[in-house]
Amino acid sequence: MTMTTFENTLECAKQLDAKDPLKEFRNKFHLPTFTTNEVVYFTGNSLGLQPKSVEQYIKEELDAWARYGVEGHFLAEKPWFSYHEFLTEKAAKIVGALPEEVVVTHSLTTNLHLLMISFYQPKGKRTKIICEAKAFPSDQYALESQVKLHGLNIEDSLVEIAPREGENLIREEDILSKIAELGDELAMVMIGGVNYYTGQLFDMKTITEAGHAVGAKVGFDLAHAAGNINLKLHDWGVDFAAWCGYKYLNSSPGGVSGMYVHERHAYNPELPRLAGWWGYDKETRFEMKPGFNPMRGAEGWQLSNAPVIGMSVHLASLDIFEEAGMDRIGEKRDQITSFLEHVIEDVSKRVSDKCQLEIITPKDSKKRGAQLSIVAHGQGRSLFDALTELGVVADWREPNVIRIAPAPLYNSYEDCFRFGKYLEAAIQ
Ligand SMILES: *Cc1c(COP(=O)(O)O)cnc(C)c1O
């Protein structure tokens with residue numbers, strides 16, 4: 001069976017599962033048990049599932065804390081003083097960066113602010129920021145407050161790119177032409193690598209090149225891209241990026257975030273930044289001298305010593321990603337998302353007298369990750385409630401959008417088939 005001969009049948013789903021090179025990984029996760037029917041967990045884009053190994057990783061640090069107290073900073077098997085270093089290379093591999101360009105620290109919105117303090121430097125007429133319309137709310141607030149911090153006006157400074165009238169997706173050509181049009185008025189481009197609402201993946205390389213061509217800095221919020229998309233931040237020349245650890249990266253609610261700064265900036269001590277002691281040169285940190293001497297690379301943006309318990313959860317998950325490899329994850333992502341799309345289209349045909357199911361996510365797998373956003377025309381919240389009742393954990397956005405994401409590490413083709421059954425039953 002190839003990708004083009006999907007059938008919305010249990011046999012087909014089972015055959016695909018049997019051939020899935022990542023099938024064993026499902027067993028490494030706790031699948032929720034609170035539903036009456038067997039769960040279909042399709043919200044790995046919101047909160048990834050708990051790796052079973054997490055308990056052991058946390059226990060190791062609790063034991064070290066009990067045994068060593070403060071001396072755990074140096075005596076623990078993974079010394080807390082440099083605990084973040086255990087995550088750097090693994091996180092760098094996931095986003096396609098050099099280890100020096102990545103650090104795991106803080107939370108996502110915090111990191112976005114810290115990076116924009118450095119990379120949004122309005123000067124003269126170069127004050128504008130290009131962002132996506134209806135960006136994730138936290139990003140909107142972060143962008144607005146950055147503009148205000150510089151005493152600038154939000155309406156003049158924030159340039160939002162929206163889908164054209166009657167369309168759901170943003171046309172990349174509209175982003176590129178706005179970049180060219182603003183030219184030397186453009187200070188920064190900051191958009192989500194994958195749009196959280198539609199699941200649209202942007203061509204980060206082309207956008208970065210276009211921004212650089214007019215002298216702007218380009219950064220991405222990778223909340224919906226990290227652990228989902230095969231990223232090459234370094235090669236694409238992206239200036240900065242941040243992501244959270246708890247969506248596709250399965251690293252616990254509110255878990256730690258990653259940040260990336262391209263090496264061309266990473267060794268520039270002159271960049272303005274908000275500083276804290278953990279970003280200070282490691283060799284002389286405890287001399288506690290006045291004046292800030294940043295560490296080389298992304299580590300120089302750290303403020304605080306690492307929250308080791310939360311970091312240990314992230315390490316557990318990153319070890320699973322390392323074992324699976326982003327290449328295999330990417331292959332399954334495209335295949336399972338296409339299968340799910342096929343199932344939905346098949347259901348859509350059968351319920352067409354009651355409801356039109358429209359997938360607004362791009363059809364081209366190069367333009368999306370693992371998420372499908374479905375508009376259920378003619379249906380309302382009761383459809384979603386019926387789905388939930390049947391055992392589907394998905395995400396609902398008013399007035400009638402259902403967002404689902406088959407996470408390649410733990411979702412199965414059979415999950416997709418069962419989702420189709422539940423969807424059809426919920427619409428009847
Ligand atoms: C999930 C998400 C966030 C959440 O930010 P936190 O600081 O982790 O609460 C921000 N931006 C985007 C685009 C997201 O998808």
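**Exercise 1: the ligand site**

Task: find which residues surround the ligand, and which polar side-chain atoms contact it.

Solution. The residues with a heavy atom within 4 Å of the ligand are Leu108, Thr109, Phe136, Asp139, Asp221, Ala223, His224, Tyr246 and Lys247. This is a predicted model, in which local features need pLDDT of at least 70 and side-chain atom pairs count only at pLDDT 80 or more, while totals for chains, interfaces and linings use all residues. Residues are numbered from 1 along each chain as its sequence is written, and side-chain values use heavy atoms, with hydrogens and water left out.

By class, the shell holds four nonpolar, two polar and three charged residues, where Ala, Val, Leu, Ile, Met, Phe, Trp, Tyr, Cys and Pro count as nonpolar, Asp, Glu, Lys and Arg as charged, and the others, Gly among them, as polar.

Next, take the polar contacts, here pairs of N or O atoms within 3.5 Å. Asp221 places a polar side-chain atom 3.0 Å from a nitrogen atom of the ligand, His224 has one 3.1 Å from a ligand oxygen atom, and an N or O atom in the side chain of Lys247 is 2.5 Å from an oxygen atom of the ligand. Of the 390 Å² that the ligand exposes when taken alone, the protein buries 83% (Shrake-Rupley method, 1.4 Å probe).

**Exercise 2: two helices**

Task: describe how α8 and α9 pack.

Solution. Helices here are DSSP runs (H or I, at least four residues), numbered from the N terminus. The axes, lines fitted to C-alpha atoms over the stretch in contact, with angles from 0 to 180 degrees between N-to-C directions, lie 9 Å apart for α8 (residues 172-182) and α9 (residues 204-213), at an angle of about 10°. Helix α8 is therefore roughly parallel to α9 (angles under 35 degrees).

How values were computed:
Polar contact = N/O pair within 3.5 Å; in protein donor to acceptor, adjacent residues only side chain to side chain. Parallel < 35°, antiparallel > 145°, perpendicular 65-115°, else oblique.
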